[in-house]
Amino acid sequence: MTAKEKQTEFIKTYLKPTLKNLGYQTSGQTWWKDKGDFFILINLQNFSWNSKVSVDFCFNIGVALKATMKDTDKKKPTVHDLTVYLRESSYLPGSRQEYKFRNKTGYVLTEQVDTNDFITELKSDFGNHILPTLDKLNSLQNCVDKFGDITFWGDNLKRVIAENKLLAQ
């Protein structure tokens with residue numbers, strides 16, 4: 001199995017069904033969940049240097065405020081709509097920042113990797129850290145509480161909320 005086929009297997013057997021069961025919609029390699037005033041968005045980003053034998057990728061994960069979306073119907077956010085735009089590492093503890101399938105760039109998958117071992121590790125990242133964190137974001141105030149102190153993105157979130165008068169002062 002090529003590295004790309006292994007990535008596709010992970011998406012098909014774990015990521016897509018898990019996110020669907022949690023109420024996420026999908027288009028291509030982007031998943032989103034409607035939370036009222038905002039969407040939670042997860043986007044899988046592949047890197048240009050990928051080949052059949054090695055695939056590097058990351059997840060762009062964040063919050064897209066409906067008030068600032070390009071889609072005026074506000075039904076399908078894209079990664080370009082994100083007000084808070086963080087990589088998966090922002091949701092992982094220090095012990096999960098780098099291991100045999102992760103480096104500073106994101107995830108690394110090769111032809112030699114055992115697919116089940118890889119899926120187990122990503123299930124841990126998503127099931128124990130990323131998805132539980134995202135599940136707690138049920139209001140704009142939850143978003144401010146979670147992201148407000150993060151350099152640049154927290155300030156951006158608070159500024160956009162204030163400019164659009166989305167929270168009572």
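Helices (H or I, at least four residues) and strands (E, at least two) are DSSP runs here, numbered from the N terminus. What you see is a predicted model, where local features need pLDDT of at least 70 and side-chain atom pairs pLDDT 80 or more, while totals for chains, interfaces and linings use all residues. Residues are numbered from 1 along each chain as its sequence is written, and side-chain values use heavy atoms, with hydrogens and water left out.

Start at R159, which sits in helix α4 (residues 153-163). R159 is partly exposed at 41% relative accessible area, since that label covers whatever falls between buried (under 20%) and exposed (over 50%), using a 1.4 Å probe on protein chains only. Y107 is 52 residues away from R159 in sequence and 32 Å away in space, C-alpha to C-alpha.

Now for the inside. A nonpolar core means buried Ala, Val, Leu, Ile, Met, Phe, Trp, Tyr and Cys residues joined through side-chain atoms within 4.5 Å. The largest one has 42 residues, and F10, I42, F59, L134 and F147 touch the most other members. Its largest share, 7 residues, comes from α2. Apart from this core there is another, of 7 residues, including W32 and L41.

Take F147: beyond its neighbours within four places in sequence, its contacts (heavy atoms within 4.5 Å) include V63, L86 and L157.

Finally, look at Q7 in helix α1. Q7 counts as buried because its relative accessibility is 0%. Setting aside neighbours within four places in sequence, Q7 is in contact with L44, N46, V55, F57 and L109.
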